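Have the sequence and the 3D view open side by side.

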Amino acid sequence: MNKLYLWGIIITAAMLGATYATVGYQKGGLNGDIVNMLAIAGAVALVIITIFVVIKYVRQMQVDQATGELADETWDNIGEYKNPVPFGWAVMFLGTIIWGMWYFTIGYPVNAFSQIGQYNEEVKEKDAEFAKKYANIKGEQLVNMGESVYLVECVNCHGLNADGNNEVDAADLNRRISEKSVKYVVNHGSNNKLLGTEMPMPDRNGLFNAATGALITDKEIDDVAKYVAGGLKDANSAGAKVFANVCSSCHGPDGKGMEYVAPDIADWNQKLIVNVLDNGKVGAIGKMPAMDRLNPKQKEAIAAYVMSLSKGE
């Protein structure tokens, strides 16, 4: 037997043995999994085809002599024959192009297995089971669930005690709002549609003091920010007067908001928190992304937990 073929058989056997050892002797082995079996079959086919194709063309280079008409052009006195492309190569090349177009436009998305699709279907099933199981959970149980979800999904940014993290621009959730946040919203306005069905709030150029008829000033912004961040408690403060003359027409005299007009800026409420989780939020300290991977009950539970943090203050 020709030494070239002998070495080909030896290398093929060695590679097939290594392939089998890599998978077969691992914990679980092929495990009866069709995907693993197909992977091994493909590896075997590739090894055999590669080795013997290489042998064929190495052998051909050893014994064959080039024939045909040379092209007129040369590169460093190296010519090129005008031999046509082998028919089999041409068929395989065109077939690969056609198969690739079919695979990427019709075959894979429509007819093939998709891990992402399977994952999405399983998530839907588990969400349905979760929603059914916990549909009627309320009160302390809902708060406890919210704390559990918070510790998994929110703690990295908002901190173990929910007191925020300046390094990642996460808000302190132990209180409804900060002076910095109030000033930012007053100066820049807010598209409160992200918080529900409220109307967009204008920036400072659209906020007038009803008592003076003038645009709100920097001093008035500082005063009202302190008043709102303090929980709207000091009724005799300068900020309370500014709030009454500038903000109460939309947010109400007690800051509890008005449906379809403006959100509650006095206390947390479930609707506001859930809508922030649904849509994310842009504020003074940065942008919070939407929490799309949470299901509705988990968002409701987080809202209950966050609302519980500020009780008794």
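Which residues in the largest nonpolar core touch the most other members? They are Y150, L173, W268, I273, I302 and V306, out of 24 residues in that core. A nonpolar core here is a set of buried Ala, Val, Leu, Ile, Met, Phe, Trp, Tyr and Cys residues joined through side-chain atoms within 4.5 Å, and buried means under 20% relative accessible area with a 1.4 Å probe, protein chains only. Keep in mind that this is a predicted model, where local features need pLDDT of at least 70, side-chain atom pairs count only at pLDDT 80 or more, and totals for chains, interfaces and linings use all residues. Residues are numbered from 1 along each chain as its sequence is written, and side-chain values use heavy atoms, with hydrogens and water left out.

Helices α5 (139–153), α10 and α11 each give at least two residues to this core; the largest share, 6 residues, comes from α11. Helices are DSSP runs of H or I with at least four residues, numbered from the N terminus. Now find W268: leaving aside residues up to four places away in sequence, W268 touches L173, R175, R176, I273, V306, M307 and S310, with contact meaning heavy atoms within 4.5 Å.

Next, look at how α10 (residues 270–279) and α11 (residues 296–309) meet. On the α10 side are Q270, I273, V274, L277 and D278, and on the α11 side K299, E300, I302, A303, V306 and M307.

Key:
Buried means under 20% relative accessible area, exposed over 50%, partly exposed in between (1.4 Å probe, protein chains only).
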